[in-house]
Amino acid sequence: MKKNHVQLEENALSLGESIVMGVAGTAPAYSLAATTSVLIATVGLLSLASLFYCGLIMFGVTLAFLHLNRAHTCAGASYSWVGQVFHPILGFFSGWSLLVATVVFMVSGTIPAATATLALVSPEHINSPFIVALVAAGWLLFVSAIVIKGIKLSSYFQVLLTVLEIGLLVLIIGGAFWAFSSSPIKPFDWSQFSITHFTVQSFATGTLTALFFFWGWDVTVNLSEETRNAADNPGRGAVASMFIVLFLFLSFIIVVQFAFTDDEIKNAGTNLLFVLSDKIFPRPWSYVAVIAVVVSTVGTLETSILQFTRTMFAKGRDGILHPRYAQLHKTWKTPWRATMVITSIGLILLAIAAFFPTINKVIEISVQAIGFQIAFYYGLACFACAWRFRLVASNSVGDFILLLVWPILSGCFMAFIFISCAFILDTTAIALGIGGIAIGAIPLLLNKKLRRSI
């Protein structure tokens, strides 16, 4: 693959900013609000262990990204690594799956931001698909403008949002612990982490549901070319952010079980975070939960756009996609054409979503479809890490575990998730998930002809 010397703004992000980006990418408040009730309804008291073991599996993916980034720093991340280790076509589809997942997330990410915003300023319109889509489009345009204006502005904005989000989550979790730990409905017990409580089916179901909690931390490596100490800090940022979000997720599950019965959790649904806050704080102070969801979804919307644009930039720079996508703004040093692409596609999808009868159905389908893309490119990166470092993994026990065993186990689990999704999800989600990856063959073939004509 022929490269030119187009470069993003170097040394713009510190290790601290990289950690913030990784935390924001997982959208802690949004993930907890959208997925906790589903997880608890699915596996009950095994929820805590499901999150913990899914976190261990995800650490294997994080280690793969850390080591591969040290070997080759590139904004394309998994696209570049998989292409180098295995084959450029497989690398193309690894990167393509991230692009597709981000496109789908333009709906499942912007709509919750819009509904939470309306809950604060205009609750009577919260069930109107058209109004929700309109507000979501406004957020998408606002965040896209920040991303185009430069990585430093994006970072400052993200730090503001993430500090506020984590602060509010700590306040809610701490308040719940203070209020309910003395007489909990479901007391905490260390035995809840025992893997012996699982059957094969309950383990697969629980960790599959928990996977969506953790997606997004890998934005740190997509920003590696713009980070100081680019070989090390992005990977360190990913690992640190995973520790932070895992602690938040486990703490939240514990206090939710302190505070609610199973029926109360089920009835709360995606409003669980607000219902918990409402049970602790008097109104209007309980609306801190709604604010947390707004800033969380807006923050992860930004990191998703950053991942999309940096992957498309790397592909354009390599000639795998049209070179226009590698063009940087002369002043802001950002891939503005790639940003315009994801913004335009997001607006089109939101226009379509405006005509769906219910917003919840739109989010459900998009979240399920994203699972395919997550499992696909995370799994490929894990196997690429194991193969890339197979000859040096025998240097020590630590290298054997961190470079080979852990990534392979995580990769196998991702493959299991990908296959499982094909059997348990509905037809629309399967078509969107697998079809979204398969359709990448069209630009791949078209650009093969393009490269021959240049």
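## Helices and numbering

Helices here are DSSP runs of H or I with at least four residues, and strands are runs of E with at least two, both numbered from the N terminus. The model is a predicted one, in which local features need pLDDT of at least 70 and side-chain atom pairs count only at pLDDT 80 or more, while totals for chains, interfaces and linings use all residues. Residues are numbered from 1 along each chain as its sequence is written, and side-chain values use heavy atoms, with hydrogens and water left out.

## A loop residue and a helix residue

Phe355 sits in the loop that runs between α14 (336–353) and α15 (359–388). Is Phe355 buried or exposed? Its relative accessibility is 72%, so Phe355 counts as exposed. In these terms, buried means under 20% relative accessible area, exposed means over 50%, and partly exposed lies in between (1.4 Å probe, protein chains only). The C-alpha atom of Phe355 is 9.8 Å from that of Ser128, although the two residues are 227 residues apart along the chain.

Gln257 belongs to helix α10 (residues 233–259). With 2% relative accessibility, Gln257 counts as buried. Leaving aside residues up to four places away in sequence, Gln257 touches Gly44, Leu45, Ser47, Ile185, Lys186 and Gln192; contact means heavy atoms within 4.5 Å. Between the C-alpha atoms of Gln257 and Val43, 214 residues apart along the chain, the separation is 13 Å.

## Helix packing

Two packed helices are described by the angle between their axes and the distance between the axes. The axes are lines fitted to C-alpha atoms, for helices over the stretch in contact, and the angles run from 0 to 180 degrees between N-to-C directions. Angles under 35 degrees count as roughly parallel, over 145 as roughly antiparallel, 65 to 115 as roughly perpendicular, and the rest as oblique.

Helix α8 (residues 200–214) packs against helix α16 (residues 397–424) at about 95°, with the axes 11 Å apart. The two are therefore roughly perpendicular to each other. On the α8 side the meeting residues are Phe203, Ala204, Thr207, Leu208 and Leu211, and on the α16 side Phe413, Met414, Phe416, Ile417, Cys421 and Ile424.

For α1 and α13, the axes come within 7 Å and cross at roughly 110°. This makes α1 roughly perpendicular to α13. Met21, Ala24 and Gly25 of α1 make the contact with Gly299, Thr300, Glu302, Thr303 and Leu306 of α13.

## Salt bridges

Side chains of opposite charge can pair when their charged atoms come close. A salt bridge is a side-chain nitrogen of Lys or Arg within 4 Å of a carboxyl oxygen of Asp or Glu. How many salt bridges does a search of the whole structure find? The search finds six.

One of them joins the side chains of Lys152 and Glu17 (2.9 Å, N to O). This pair links distant parts of the chain, with Lys152 in helix α7 (residues 151–180) and Glu17 in helix α1 (residues 15–26), 135 residues apart. Glu17 is buried, at 10% relative accessible area. Arg310 and Glu226 form a salt bridge through their side chains (2.8 Å, N to O). Arg310 lies in helix α13 and Glu226 in the loop between α9 (219–222) and α10, so the pair ties together parts 84 residues apart in sequence. Both of these residues, Arg310 and Glu226, are buried.
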